[in-house]
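Student: I would like to work through this model with you. Please show it first, and then I will ask.

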Amino acid sequence: MGDDRKLTPRAEDFSNWYNEVVLRAELAEHSPVRGSMIIRPWGYTLWENMQRALDDKFKATGHQNAYFPLFIPLSFIAREAKHVEGFAKEMALVTHTRLIANPDGEGLIPDPASKLEEPLVVRPTSETIIYDAYSRWVQSYRDLPILLNQWANVVRWEMRTRLFLRTSEFLWQEGHTAHATSEEAERETLTIVGVYRSFMEDWMAMPVITGQKTESERFPGADRTYALEALMQDNKALQAGTSHMLGQNFSRQFDLKFQAESGDWEYAWNTSWGVSTRLVGGLIMTHGDDSGVVMPPKLAPYQVVVTPIWKTEDQKTVVLEKAEFVASTLRGERVRVHVDQRDNMSPGAKFWDWERKGVPLRVEIGPKDVEKQQLVLARRVTAEGQDRKEFLGEVAALAAIPERLLEIQRTLLETARRRQRENTHRVTDYGEFTRMLDERGGFFFAGWCGSAECETRVKEETKATIRVLPDEEFRSETPPERCLVCEGEATHEAVWARAY
RNA sequence: CGGGGCGUAGCGCAGUCCGGUAGCGCACCUGCUUUGGGAGCAGGGGGUCCCCGGUUCGAAUCCGGGCGCCCCGACCA
């Protein structure tokens, strides 16, 4: 592949580019166990920053964190029919609790005597164990609502995996709530969609379309699933988050009842909602370029890296002193800043290194700058017509940096929005749809008659699925009249796309 | 589970067809010179060649069996 310092360009092979970016930016790598990954500090710090922002939003909307166990009795999963059906094919089970030396050879084997009476499932999601607990916590309407979230790992035994996008074990948050009325639960699911959307747009700079999933794409056990869909640079859709109205499906199975004001016993209404480390993949595929990752400033582990440049020992002393001064000044402004003091790397090599890792802003300080009392600012991405580098007096530069970070954040969102807009199409003709889907991909808005047959046919013929039935704000001004597929009367507008 | 590819130094690979002292680049260590966009020179360290078995005087290489990983398809956040 020629120069192995360079990444495969996105246009040449997007999925290779993605893998190389993740590995070379040291975000994550494959672990010895198939389908699971090691999240390295650079990637994990990004995730921690995402967690913090989301967690603050959950708290601000009245939620608390709790922790429920990793192991779930198999019988719990089996209680909700659709839920079992949905997860049965991808469960990891604990069946034994002890190892013994293999009597027939080498190594260790599970001790047959330690076999569990009831196997434990490694949670693929926690509805069952949580609603079981809620059923013990709730007696009266006064105990409602319960608004909890947990940060946890879950396991779904996937066949095909990709770093961050789909791994057998992943990190996520799962919110689980219980309410006295259907209306209140419904409101909760929509509140969360709003929380997710503002996080994705304001923090990740990743625009999304929100809407409702069709029955075939619904969470197993939910009455309704709301989702947020983003469009990646290869014009495939990514389901970035989901929020489920569970109705009374789980409360009936787990006997989650309460006595209402009227004195009647009623089943509670539940919601669940989650986003995962998949968002890291979404961030990479939204903003990354042929040089590597691009981190939105609000989430970047380091927002600024100061690169000192020197020739002589005397210069090194002076330059490093200035670099530390700049860093501590910025830290006072709550800028996350790092001084790259490595002396076994040339400045140029450091530039490439931090660009590959996506640091939004670089400050260069050399002897000339110290002398002229100036700093060089270099941004990771530029808006149209912007210069990549700026030479500013030290005081002006220090004052400008927080602004520059905000500008970069804005530029990223604008660029991503424009790309999403340019790759969103409205179609009425099925032939045109399949042609455009193959030629360029993207989001396709079109009418749908509501039948599973038409939905399935599109999936089989084109591999595209209905990502969402979009919320009102995303819908076309004049609703489509005919179904894209059968040309019958359209009852919905749908967004079709090939998806991750 | 089907199709393809790969397993040799920390990483990326060559060597395998045609058996004969295990190599290259990067990284690492030491020294000197360097440092404003991927530094240079010199010296140095590092290997159960995925595993098990077979053939052979001799196996990274040939034969048999196994394991693992990656990529592409059917399921999924």
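Student: Where does Asp 289 lie in this predicted model?

Tutor: Helices (H or I, at least four residues) and strands (E, at least two) are DSSP runs, numbered from the N terminus. By that numbering, Asp 289 sits in the loop between H8 and strand E17 (304–308).

Student: Which conventions apply to the model?

Tutor: Residues are numbered from 1 along each chain as its sequence is written, while chains are lettered from A and ligands numbered from 1 in the order in which they are written. The model is predicted, so local features need pLDDT of at least 70 and side-chain atom pairs count only at pLDDT 80 or more, whereas totals for chains, interfaces and linings use all residues; side-chain values use heavy atoms, with hydrogens and water left out.

Student: Is Asp 289 buried or exposed?

Tutor: Buried means under 20% relative accessible area, exposed over 50%, and partly exposed in between (1.4 Å probe, protein chains only). Asp 289 has a relative accessible area of 17%, so Asp 289 is buried.

Student: Which backbone nitrogen does the side chain of Asp 289 reach?

Tutor: A polar contact is a pair of N or O atoms within 3.5 Å; within protein, one must be able to donate a hydrogen and the other to accept it, and residues adjacent in sequence count only if both atoms are side-chain atoms. At 2.8 Å, the side chain of Asp 289 reaches the backbone nitrogen of Ser 291.

Student: Which residues is Asp 289 in contact with, leaving aside neighbours within four places in sequence?

Tutor: Contact means heavy atoms within 4.5 Å. With those neighbours left aside, the partners of Asp 289 are Arg 10, Trp 17, Val 294 and Arg 380.

Student: Which side chain does a polar contact of 2.6 Å join to Arg 10?

Tutor: Arg 10 lies in the segment before H1. Arg 10 is partly exposed, with a relative accessible area of 25%. A polar atom of its side chain lies 3.1 Å from the backbone oxygen of Gly 288. The side chain joined to Arg 10 at 2.6 Å is that of Gln 233.

Student: Which two residues touch the most other members of the largest nonpolar core?

Tutor: A nonpolar core is a set of buried Ala, Val, Leu, Ile, Met, Phe, Trp, Tyr and Cys residues joined through side-chain atoms within 4.5 Å. The largest one has 52 residues, and those touching the most other members are Phe 164 and Met 200.

Student: Which element supplies the largest share of the surface near RNA strand B?

Tutor: A residue is near a strand if one of its heavy atoms lies within 4 Å of it. RNA strand B is surrounded by 40 residues. H1, helix H10 (347–357), strand E19 (361–365) and helix H11 (367–372) each supply at least two residues of this surface. The largest share, 7 residues, comes from H10.

Student: How far is a base nitrogen of RNA strand B from an N or O atom in the side chain of Asp 369?

Tutor: For Arg 356, a polar side-chain atom lies 2.9 Å from a base nitrogen. Arg 278 has a side-chain N or O atom 2.2 Å from a sugar or linking oxygen. For Asp 369, the distance to a base nitrogen is 2.4 Å.
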